[in-house]
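Q: Could you walk me through this model, beginning with the ligand and then moving on to the rest of the protein?

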Amino acid sequence: MKFLLIIACSVLFLAGAMAQNTSLKPVPEWMKTAYFYQIYPQSFKDTNGDGIGDLNGIIEKLDYIKWLGCNALWLNPCFESAFMDAGYDVIDYYKVAPRYGTNDDLKRLFKEAHKRGMRVCLDLVAGHTSDQHPWFKESQKKEKNEFTDRYIWTSDSTVKPEKYVSGTFGRNGAYRKNFFDCQPALNYGFAQPDPDHPWEQPVTAEGPRKTRAELMRIMDYWLSMGADGFRVDMAPSLIKNDPDKVETNKLWAEVRSHMQKKFPESVLIAEWGHPGRAVQAGFMMDFMIHLGPDAFSSMFFNEEGTYPRDSCYFRLDGKGTPTDFVSAYMNNLRDVDGKGYICVPTANHDFQRLACGSRNTPEQLKVALTFLMTLQSIPLVYYGDEIGLRFISGLPDKEGSLIKGKYNRAGTRTPMQWNTTKGAGFSDGDPASFYLPVDSSTFRPNVEAEMGDPSSVLNFTRKLIELRKQTDALGTNGKIEFLYAQKCAYPLVYKRTNGKETYVIVLNPSAQRYQVELNYPAVLRAVPVWVNQVAISPENGKLRIDANGVSYGIFKLLE
Ligand code: GLC
Ligand code: CA
């Protein structure tokens, strides 16, 4: 009897958990063939000579992005802000920051992108505002008002647990922050309010419910203007004290349902750093990046950068190991289970670019790009990585780029280099420049020069994207299987197949030549498709692979 009860309970529980997911509308079809391009608006393209990129600049460069092969944009926050964290401290969610243009400019960007078959996703800073936001100013008041409970305040300014900030406010209390002190957390409630902390409200309280409703109002506003979706900043952190993410998952399922009811083609992307979990919560895509398990960083973070490391796989010294990435990647693929996507970007605005430290030649970058463009996930090019723009160390703090006095993000946010001479305020060393990149290397990437050079990183990236688009097995449809991804071993070998066609990819980012033999029966021929310095010969049920230093190869297997 007891046994039956346990079974009945588990069935009910499972049904409950599944109902949440099965009630969701499908991920829009367009995501399957999405190629994202991330734009940091302040540094992309300036059109009025004030040294700051703007929306008109993005519109001007849509044809370039399309030429590159990307069909979906993600813009970092472009709303009215105090710019103490580069726009992640919003003052007005309904208004474009004047330095970027107007709401009408943004609308025009949506329209121009759509004309070209491209989508535009905005950055939704859902969890916190600027401390200059009028809501927060209201919330500080002694008199109870509409915004009193929209932020998280202790009941006494001397009660200040970790992550709470005190100051001189009308009300007696300290507020909870999310990131910098100037970013007070919006109140979405606590999954498990602590009885010893009487200020912690449940998610069903009035303040948290109103915060949630406002979030959806903001989304509706931009979607009805033509936005195609959102990348949600710090997505797992809205609801506090939610160790199993039960309430967090409910929140995102509700938000997604709401969003897709009116806008079924719109997309919800997480900054979670754990795609398996984000997709379970209702997100359609999430990134493998510097956050979460040590996977992306073990591949790319070398001795220089925002987060330097002693070793990584894509490094000439050949001392890295691919196993942490491979196991995290395969686990995430299993967990997203066809219900959403992983994105492994080239970089983003929070950590070093691909071109960093000793990874500083076009040939090394090409090995890394071949890897990123042949995974089963959705590709994302962080502006500038397509030309090999370098991470620059030692730049001064700019609008909150420096975290805790030591993690510097400025070096990954420098101006796009359109050419060497022109481009108001954006050329190297120009005092009007938003940043002052001092790039003393001889390899000075810029779009104009690289467009005219068939062997440039830019043309390489463009042709690689083109190859992936034309080869179903290399896209999100093809399954991935790692054939050689041993601890501390080179090269990295994996296969991509859609059941009809099979490709093998070989990557050797190290400076040394490696030869390996893999069991792989029934291969007649390995046809080179995209190869530099790698040879594969099938022999007696084996694949003999010979990879020179800094080499890559995509081969089609004929079985
Ligand atoms: C996210 C953003 C980062 C920002 C932080 C606080 O991690 O990507 O740039 O500083 O959230 O909003
Ligand atoms: Ca400008």
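Q: Which residues are closest to ligand 1, and how many surround it?
A: In this predicted model, 13 residues surround ligand 1, and the closest are Asp 85, Asp 233, Glu 271, His 349 and Asp 350; a residue counts as near if one of its heavy atoms lies within 4 Å of the molecule.

Q: Which oxygen distances to side chains are there, say for Asp 350?
A: A polar side-chain atom of Asp 350 lies 2.5 Å from an oxygen atom of ligand 1, while an N or O atom in the side chain of Glu 271 is 2.8 Å from a ligand oxygen, and for the side chain of His 128 the value is 2.9 Å.

Q: And how much of ligand 1 does the protein bury?
A: Taken alone, ligand 1 exposes 310 Å², and the protein buries 96% of that, with accessible areas from the Shrake-Rupley method with a 1.4 Å probe, where for residues only the protein chains shown count as cover.

Q: Changing topic, where is Arg 309, and what does its side chain touch through a polar contact?
A: Arg 309 lies in the loop between helix H9 (296–300) and helix H10 (323–336), helices being DSSP runs of H or I with at least four residues and strands runs of E with at least two, numbered from the N terminus. Its side chain makes a polar contact with that of Asp 294 at 2.8 Å; such a contact is a pair of N or O atoms within 3.5 Å, where within protein one must be able to donate a hydrogen and the other to accept it, and residues adjacent in sequence count only if both atoms are side-chain atoms.

Q: What about the backbone at Asp 337?
A: Asp 337 has a positive phi of about 50° although it is not a glycine, and it is found in the loop between H10 and strand E11 (341–345).

Conventions. Residues numbered from 1 in each chain as written. Chains lettered and ligands numbered in written order. Predicted model: local features only at pLDDT ≥ 70, side-chain atom pairs only at ≥ 80, totals over all residues. Heavy atoms only, no water.
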